[in-house]
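Student: I would like to learn how to read a structure of this kind. Please go through the features one at a time.

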Amino acid sequence: MSRLSHTLRLGLKELTSLRHDSVLLLFLLYAFSVAIYMPAAGSVIGVHNASVAVVDEDHGAISRKLAESLQPPEFQPAVALPADRLDQAMDSGQYTFVINVPVNFQADLLAGRSPELQVNVDATAMSQAFMGAGYIGRIFERELLEYAGRSTSSPALLNPKALFNPNLEGGWFLAVIQIVNNITILAIILTGTALLREREHGTLDHLLVLPLTALEIMLAKIASNALVVVACTWISLEVVVKGALGVPLAGSMGLFLGVTALYLFASTALGIFLATLARSTPQFGLLAIPVIIPMLLLSGGSTPLDSMPQWLQWVMQGSPSTHFVSLGAAILFRDAGLSVVWPDVAALAAIGLVFFGVALARFRRSLAA
Amino acid sequence: MNAATALQADDVSHCYGDLQALHPLAFSLPAGTRCGLIGPDGAGKSTLLGLIAGVKRLQQGELQVLGGSIRQRRHRTALYPKVAFMPQGLGNNLYPELSIRENIRFFATLFGLGRAECEQRMASLLRATDLERFGERPAGKLSGGMKQKLGLCCALIHEPDLLILDEPTTGVDPLSRRRFWELVEQVRAQRPQLTLLVATAYMEEAEQFEHCLMLDAGRLLAAGLSRELAATTPSGKLDDAFTHFQGAGREQPEPLRIPPRQVDDGPIAIEAHDLTLRFGDFTAVNKVSFAIGRGEIFGFLGSNGCGKTTTMKVLTGLMPASEGSASLLGRPVDAGDLATRKRVGFMSQSYSLYGELSARQNLELHARLFDLAKADSAPRIAELIERFDLGAIADQPSGALPLGLRQRLSLAVAVLHRPEVLILDEPTSGVDPAARDDFWRLLVELSREQGVTIFLSTHFMNEALRCDRISLMHAGRVLACDTPHALQIQFGGDTLEDAFVRCLEQAQDAPNQAQADATLEQAAAPAPALRQAFSLRRLLAVASREGKELLRDKVRLAFALAGALFMMVIFGYGISLDVEDLAFAVYDQDQSPQSRAYLEAFRGSRYFAERPPIRDARQLHQRLQRSEIKLALEIPPGFGRDLHAGRQPVVAAWLDGGMPFRAETSRNYVEAVHQANLEQLAALGPNPVSRQQPVRLETRFRYNQDVVSVNAIGPGVMALILAFIPAMLTALGIVREKELGSITNFYATPLTRLEFLLGKQAPYLAVSLVNLALLVAMNRWLFGVPLKGSPLALACGGLAYLLATTSLGLLISAFTRTQIAAILGTLIITSLPTIQFSGLIVPRSSLEGAAALMGQLFPAGYFLDIAVGTFTKALGLHELWPQCLALLGFFAAFTGLSLIMLKKQEA
């Protein structure tokens with residue numbers, strides 16, 4: 001009982017310290033507002049605003065019609081390009097797609113000679129190349145069938161419907177991913193550097209001669225950090241995500257915040273663990289990069305988890321961010337309840353406990369040295 | 001003013017924000033004299049010295065130094081070679097990784113000394129300071145006294161006319177202290193024009209100097225000849241004179257009296273037996289034994305770093321002893337024994353209470369932590385506030401209180417739980433004499449009236465005299481232990497300090513004769529006045545120093561290189577935008593041959609992997625919700641029949657919109673398969689027509705024919721990694737010097753801002769270039785990405801990019817004030833534009849508005865073009881020069897901004 005009250009007291013004290021650190025508060029403010037709004041508002045999913053040029057060697061009505069068929073928001077208005085500039089324009093990455101309409105295209109088409117229509121795709125534009133080529137193919141096919149006066153009616157229609165995000169708004173998900181990313185950065189860096197600073201400045205000693213255990217000190221740090229970040233997350237979801245960005249969050253806010261607290265438990269413990277590995281702040285900074293950046297990029301939030309090699313998928317199962325991203329999508333967008341998401345919650349708790357245990361053991365040992 | 005005046009201050013004042021550190025003051029000091037500056041911590045001594053040294057920007061008033069106004073930039077530039085400044089703290093402006101000789105050479109190069117001249121002067125200085133034997137030892141591994149002697153060597157290497165020393169001997173043992181002043185006197189003997197200005201905590205030192213300045217709470221209490229100032233009090237001591245001026249008009253407090261201790265042969269409170277503690281091969285505490293009786297005031301006297309604090313930490317259970325035993329209140333010391341901790345009070349060297357909490361809140365917090373009963377704690381806190389005279393400030397934030405009050409509060413917190421033993425680590429360092437006496441009154445009361453055992457450490461002789469017994473400590477060993485009086489007799493000194501000096505000399509096997517005889521040789525020629533605006537030599541000196549530090553920090557180097565390789569491997573394999581084996585299930589409400597034929601196309605595709613079929617609409621929703629499937633294909637009832645009748649049945653493809661980009665990709669695949677299927681479906685329709693394509697659509701995937709992710713991602717990942725690691729390497733470069741104090745060398749030497757910035761950047765640029773080479777090699781040989789374009793363009797672009805990212809780190813370092821902010825800032829500032837807006841995942845040409853702007857305003861996107869262009873597009877410098885130029889532009893802009901942010905003087 002007294003242990004709990006110690007942790008509570010120390011945690012409250014940490015909160016008071018935080019209130020006085022204006023630079024840090026400024027960072028929190030930025031991380032949970034601008035850094036979420038900006039990318040989400042300008043988010044791009046799939047083919048959007050893709051740059052197109054047309055090398056028109058035919059100058060017929062049909063080539064104009066084809067060029068006009070590529071419409072926003074998927075495509076930028078097609079730009080006419082002289083034939084000799086095709087290679088250079090593509091090399092410079094100025095256009096992702098360049099359509100080449102050959103001489104006599106229209107005549108051949110009307111004569112039923114099946115002329116060739118070339119679509120050049122910059123395949124290094126990974127997220128757009130493949131999808132965009134498919135799009136263009138389907139659009140052109142429809143246009144040409146229409147032009148040829150053939151029936152455009154298909155024997156069967158396909159009606160793609162997206163559940164949980166009907167218009168596939170990229171910003172919805174990106175807003176949540178940005179929150180996850182910022183939480184990750186803040187949790188690991190703040191706890192890690194704070195611990196190193198206390199050690200470098202010798203203020204840990206004061207705490208350690210009090211009748212407190214290493215466990216209480218660590219728990220107090222984690223709990224107070226978690227409380228602040230969870231509160232920021234909540235406000236940010238309500239004000240920035242729901243309010244400014246207008247994202248309808250279907251799921252239970254309470255459940256998501258609870259999961260956020262669990263994630264903070266795991267990631268702050270990871271921060272403490274890293275801090276016990278490094279001997280100075282510059283070392284910690286360099287150690288944190290190869291841990292944090294993969295946690296951000298490979299969590300399934302930026303690129304699909306399924307397309308990673310199997311071994312990497314397994315490795316990423318050990319990262320708390322993977323489970324948190326999956327929980328975020330499930331709870332906030334798919335309105336999944338605890339009965340559905342419990343495996344991820346359990347995994348997150350298990351990872352947190354392992355990190356916490358290792359960090360505590362190393363923390364105790366590093367204090368003794 | 002005449003030429004013989006070294007310093008002339010009129011109306012000089014200084015503020016830090018709202019805090020008035022110096023109230024307007026005026027004084028003057030003739031050239032060639034010595035002046036002591038005394039006052040407690042926080043009185044404004046360091047501020048005043050910083051202003052005179054030109055390290056701090058003068059806000060108010062007029063200050064003439066060596067015949068010119070310090071306000072004028074031209075004069076400051078002329079002053080650098082004439083002034084030497086040694087900041088406060090033991091070796092704070094030295095570089096701990098560098099050896100003694102490397103440290104001195106660094107300073108010599110900054111002041112433009114030639115190699116031969118530097119070696120000659122260094123040899124002479126090292127001989128005089130007896131540091132010759134340790135020339136190759138890193139500064140970080142020197143004792144406090146040696147560090148200060150090295151600091152003095154570094155300050156004297158360029159033969160200054162004004163030597164400013166900020167508490168050079170605080171915490172240094174008395175023998176080293178004497179040697180230090182002997183050395184200064186030798187220099188003065190050779191350079192009679194040398195003016196000496198010294199801040200000191202030891203009144204005995206100040207008494208040796210002709211002039212004295214007394215500062216308290218930012219006000220100049222008195223200035224003048226030491227002799228005359230001391231004569232204002234009957235005792236003729238500066239100590240008392242200071243208290244006199246401080247309380248001008250106030251009643252003189254009673255002199256401190258310590259009643260003799262009633263020796264009762266009571267139980268032993270603290271006992272140590274052969275206590276030893278080693279850090280690696282360094283023995284911090286060496287076979288220390290002592291026994292402290294209950295109620296005794298026992299003092300540890302010794303220099304900084306002699307093992308006092310470490311011994312105390314062992315006794316409090318903070319550190320386990322390597323050998324030997326210690327017991328506290330009859331129990332062996334055990335870190336896990338929380339019960340003993342409640343019987344002990346501890347006060348650590350630095351103020352470690354919570355500055356943002358008030359005195360009362362601190363007391364209340366600790367009452368809780370020590371589990372004091374509620375009913376008991378309120379009266380106890382009231383009693384302590386009354387007894388320690390904290391009532392007037394009980395509700396102010398304690399961090400802003402003067403040091404003396406903070407120490408009193410720390411003591412109140414330490415005795416809150418009525419401990420039987422008090423362990424106090426240098427409780428009175430930096431406190432003014434009057435406050436020190438107050439503090440001792442409290443200690444005496446605790447010891448004599450309440451029987452509390454007090455174990456404290458100090459480096460003040462007059463405090464040691466007040467202890468019942470003291471032990472003299474040096475280099476981890478207890479040299480002697482007895483009552484102060486007995487020690488004086490034992491070592492035959494007039495004062496305790498003499499006794500300590502003798503004792504140290506005996507311990508060190510007689511004074512080193514060579515040192516006593518050594519004299520400084522006259523320098524051959526005065527140092528040439530160097531006023532170059534830009535000096536490559538100084539730049540190289542900074543670069544080689546930074547480089548040596550980096551090379552000696554193997555862990556940091558390893559993290560930088562291995563971290564990059566690690567990220568390359570996992571991102572190279574891991575970042576892929578292809579969607580394969582997409583989990584899908586069918587909800588076939590028709591179960592006709594037609595529906596099965598339609599679905600067959602999906603089952604055969606490598607993009608889809610089928611899961612068990614869906615039975616009803618509820619299950620469809622649930623399974624998508626659980627993310628067990630990412631796609632559900634719903635075939636309506638009567639699909640086959642409608643198809644046959646030409647009624648255009650509608651197949652619904654349900655996608656999981658929770659992760660939109662995956663849903664979008666999936667939709668594309670579904671549509672592609674559906675389209676391909678149409679021909680087959682048409683055959684099943686009412687009027688089978690040939691759906692021969694009117695046009696042969698040829699799609700050419702250029703640059704990456706197989707659409708292999710790694711070919712596009714690999715070079716892109718290089719841009720990502722080389723944004724983070726170089727920026728993080730440099731981001732701590734300046735801010736760490738700010739936190740640790742060596743930034744003073746930049747303020748106080750002729751080093752210009754550009755030399756400093758570029759010099760700092762050079763070694764990190766070199767490491768980053770190694771990183772670049774490794775990453776290119778990995779792309780080429782590990783991932784097999786063909787390098788089709790010009791390697792020269794890649795090299796040029798890479799160099800320009802690394803110049804830009806390392807200078808971005810320096811910029812962050814220049815405007816942040818703490819290392820935490822620098823690390824956090826680097827990650828927050830680089831991650832968003834690099835990951836989202838550089839074109840790694842979404843092409844930059846597709847970005848709009850703020851996102852596009854952010855992508856353009858960050859270097860990563862330009863290097864991404866270069867990396868992808870040279871690897872996959874067979875491009876060369878001819879096509880990529882605009883990007884290279886843009887990157888150089890970033891380098892110039894970041895460096896320019898850093899130049900603006902970085903001030904040559906402190907605020």
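Student: Which residue of β24(B) does Ala162(A) stand opposite?

Tutor: First the conventions. This is a predicted model, in which local features need pLDDT of at least 70 and side-chain atom pairs count only at pLDDT 80 or more, while totals for chains, interfaces and linings use all residues. Residues are numbered from 1 along each chain as its sequence is written, and chains are lettered from A and ligands numbered from 1 in the order in which they are written. Helices (H or I, at least four residues) and strands (E, at least two) are DSSP runs, numbered from the N terminus, and two strands pair if DSSP finds at least two bridges between them. Here, Ala162(A) stands opposite Leu655(B). The strands concerned are β5 (residues 157-163) of chain A and β24 (residues 650-656) of chain B, which run parallel and are joined by seven bridges.

Student: How many residues does each chain bring to the contact?

Tutor: Two residues are in contact if their C-beta atoms, placed from the backbone, lie within 7 Å. By that rule chain A brings 117 residues and chain B brings 121 residues. On the side of chain B that touches chain A, helix α25 (residues 660-684) gives the most, with 16 residues. That side of chain B has 68 nonpolar, 29 polar and 24 charged residues. The classes are: nonpolar for Ala, Val, Leu, Ile, Met, Phe, Trp, Tyr, Cys and Pro; charged for Asp, Glu, Lys and Arg; polar for the others, Gly among them.

Student: What confidence scores does the model have?

Tutor: The model scores ipTM 0.86 and pTM 0.84. For single residues one reads pLDDT, the predictor's confidence in each residue, from 0 to 100. Chain B has a mean pLDDT of 84, with 93% of its residues at 70 or more. Over residues 510-517 of chain B, pLDDT stays under 50, and the model has six contacts beyond four places in sequence for them.

Student: Into which domains is chain B divided?

Tutor: Domain bounds come from an automatic or database domain assignment. For chain B this gives domain 1 (5-245), domain 2 (268-343 + 419-507), domain 3 (536-571 + 707-901) and domain 4 (582-684). The C-alpha centres of domain 1 and domain 3 of chain B are 40 Å apart, and 18 residues of domain 1 of chain B are in contact with 17 residues of domain 3 of chain B. Helix α3 (residues 100-110) of chain B gives the most to the domain 1 side of this contact, with four residues.

Student: And in chain A, which domains are there?

Tutor: Chain A has domain 1 (2-43 + 169-368) and domain 2 (52-147). Their centres, taken over C-alpha atoms, are separated by 47 Å.

Student: Why is strand β19 of chain B described as largely enclosed?

Tutor: A residue is buried if 20 or more other C-beta atoms lie within 10 Å of its own, exposed if 12 or fewer, and partly exposed in between, with C-beta atoms placed from the backbone. Strand β19 (residues 469-474) of chain B is largely enclosed by the rest of the structure because five of its six residues are buried.

Student: What pairs with β19(B) in the parallel sense, and what in the antiparallel sense?

Tutor: Strand β13 (residues 297-302) of chain B pairs with β19(B) in the parallel sense over five bridges, and Gly299(B) has Ile470(B) as its bridge partner. Strand β20 (residues 477-482) of chain B pairs with β19(B) in the antiparallel sense, also over five bridges. There, Leu472(B) has Ala480(B) as its bridge partner.
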